[in-house]
2 protein chains.
Amino acid sequence: MTVIYKKVALIGLGLIASSMAHAMRTKGLAAEITGHAKSAETRATALDIGLCDSVFATAAEAVAGADLVVLAVPVGAMGAIAAEIGPHLAPGATVTDVGSVKQAVIDAVAPHVPEGVHFIPGHPIAGTEHSGPRSGFATLFVNRWWLLTPVPGSDPEATRRLRLFCEGMGAKVDEMDAPHHDLVLAVTSHTPHLIAYTMVGVADDLRRVTDSEVIQYSAAGFRDFTRIAASDPTMWRDVFLTNKEATLDILGRFTEELFALQRAIRLGDGDHLHAYFTRTRAIRRGIIEAGQDTAAPDFGRVAASSGDK
Amino acid sequence: MTVIYKKVALIGLGLIASSMAHAMRTKGLAAEITGHAKSAETRATALDIGLCDSVFATAAEAVAGADLVVLAVPVGAMGAIAAEIGPHLAPGATVTDVGSVKQAVIDAVAPHVPEGVHFIPGHPIAGTEHSGPRSGFATLFVNRWWLLTPVPGSDPEATRRLRLFCEGMGAKVDEMDAPHHDLVLAVTSHTPHLIAYTMVGVADDLRRVTDSEVIQYSAAGFRDFTRIAASDPTMWRDVFLTNKEATLDILGRFTEELFALQRAIRLGDGDHLHAYFTRTRAIRRGIIEAGQDTAAPDFGRVAASSGDK
């Protein structure tokens, strides 16, 4: 693999940035990696485990001379960071981000990007429930989608180069406009996360009733919800605040359908339930065929079965 | 491992029964296994892959001379099966079931169990999204809970023997009364499944808007939901119809909390969201400490990472 960027600046050193660092090292995509994180402890960790060649207390210092700057902070923090680094960006540099919401990031960041610097927003659809500089791993992006939402006037050559870089880390890259991205993600990620958070919260209340049994007898459905609901609170707060309209729209459709199923249960309408559950089974097959998951039985089986190997 | 039952009759040959067959074979818990399934094709498969030593077109024939009879059919079918086999049960035999709801099964089955036969309802909290006689595997129950809900007057010695049998298949066994079981499972399994089914249904509607992107860009949250929503439609229809009160109760609490979070999003109350998401993160740690899941990053990572090994 050949070097695609001479100097990559990672602003924010959590799960995504640390995974990018590992992937860049493994594939030799960057000659030099600088980093910035608010926390001194995080910066020290990034040096200890070799995520960055150098770390800086300010984002402005970290981006000096970088030909790729990656904003990997919570969506709500992007604007302030952009304002800080704007004057220090090298001419011809590319600025991208990894936020889960795109229009809000464009609105917050674009105004601070000077002439001659290419701003190409992006979103790797990959993650785990863990966070922090030690949570990254080089294969996080392998076979995952990395969506780019170029803004009007983005330089095609700069976009092509960023695309090569993402593909170099193992991702599949696609381009779409920001509002469309935000709607699709509200369906596939944002609303499901809110629902999982809610269900786990309900169970947490009930723990006072059923003691530790809710955890003890945690079955498939709930166990998977808790994994989702263990994701980073700050990141998700910002997602819902910045993708408000799309999330509220999908939530509205969700409660409509939930009430219809609730009514079917109350009325004992088994045919309605069976037909609905049969329909949803099909979409699962679609996801497996799309290569976004395996057909292997899971539901927490992986741990137990590998224990028997 | 020593033989615990001379002749075990499996009534219904789906995921749970076929996994029990594999586990019994592996651990030598039963000298002989007979089986019954409605479908001739399923019966033929059960013989082909060696789940049973013999299969029968009627449940009555299958239970003849068995000292353990396992009802592994959907909850809604338990009553009719019990009525059919009642007169053919051997004196001193134990009858158990693997239904996800317990009080409804007791109401349907107990009246048909003759004097001198021990009825001990049970529920292995284990499963995958697959179903059918080929979906079983010997380790399905390893380190999973198997809840027994003995009815008043259950013979302690028969219960002790059934407990040994479940532990022999690798399960952890606990006992509780049926109504309490049904409430706990409504929280940890039944309601989460209904919610997952609903979210996948909403996405399925939206596919007409966003084409195949909902599947294509299927992110963590949604992908995990589709796995849950791929579970057997008949089994789940019966669960909701037979655990109606508890499920509707928990659903009521769920929508209350969801509306509170929805309101926080609409009002832009980030503190409320952050506090809520931080609270739910803790319950995840509890589940990992309870040994019901691992801390390994998942979210569909397993497939990709193992590909790099």
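What covers the buried residues of helix 4 of chain A? The views below take up this point and others in a predicted model.

**View 1. Helix 4 of chain A and its cover.** Helix 4 spans residues 78–85 of chain A. Its buried residues are A:Met78, A:Gly79, A:Ile81, A:Ala82 and A:Ile85. Seen down the helix axis, they fall within an arc of 165 degrees, so they line one face of helix 4. The cover over these buried residues includes three strands of chain A: strand 1 (5–11), strand 4 (68–71) and strand 5 (94–97). Helix 3 (59–63) and helix 5 (103–109) of chain A also belong to the cover.

**View 2. The six-stranded open sheet of chain A.** The strand order is 3-2-1-4-5-6, and the pairing is parallel. Strand 3 (54–56) and strand 6 (118–119) of chain A are the edge strands. Each of them pairs on one side only.

**View 3. Strands 1 and 2 of chain A.** These two strands run parallel and are joined by six bridges. Strand 2 covers residues 30–36. Within strand 2 of chain A, A:His36 stands opposite A:Ile11. In a regular strand, side chains alternate between the two faces of the sheet.

**View 4. Strands 8 and 9 of chain A, with the helix that links them.** Strand 8 (residues 145–148) pairs with strand 9 (residues 172–175) in the parallel sense, over four bridges. One bridge can be picked out by its residues: A:Leu147 has A:Asp174 of strand 9 as its partner. From strand 8, the chain crosses through helix 6 (residues 156–168) of chain A to reach strand 9. This β-α-β crossover is right-handed.

**View 5. The largest nonpolar core and B:Phe254.** This core has 66 residues. A:Phe225, A:Phe254, B:Phe225 and B:Phe254 touch the most other members. Leaving out residues up to four places away in sequence, B:Phe254 touches A:Ile195, A:Thr198, A:Met199, A:Val202, A:Phe254 and A:Leu258 from chain A. From chain B, B:Phe254 touches B:Ile195.

**View 6. Chain A as a whole.** Chain A has 13 helices and nine strands. Of its 309 residues, 60% are buried. Take the contacts in chain A between residues at least 6 apart in sequence: 73% of them join residues at least 24 apart. Chain A exposes about 10,900 Å². Carbon and sulfur atoms supply 54% of that area.

Key: Residues numbered from 1 in each chain as written. Chains lettered and ligands numbered in written order. Predicted model: local features only at pLDDT ≥ 70, side-chain atom pairs only at ≥ 80, totals over all residues. Heavy atoms only, no water. Buried < 20%, exposed > 50% of the residue type's maximum accessible area, 1.4 Å probe, protein only. Arc of directions from axis to C-beta. Contact = heavy atoms within 4.5 Å. Pairing = 2+ DSSP bridges. Right-handed = clockwise from strand over helix to strand, strands pointing away. Areas by Shrake-Rupley, 256 points an atom, 1.4 Å probe, with all protein chains shown as cover. Core = buried A, V, L, I, M, F, W, Y, C linked by side-chain atoms within 4.5 Å.
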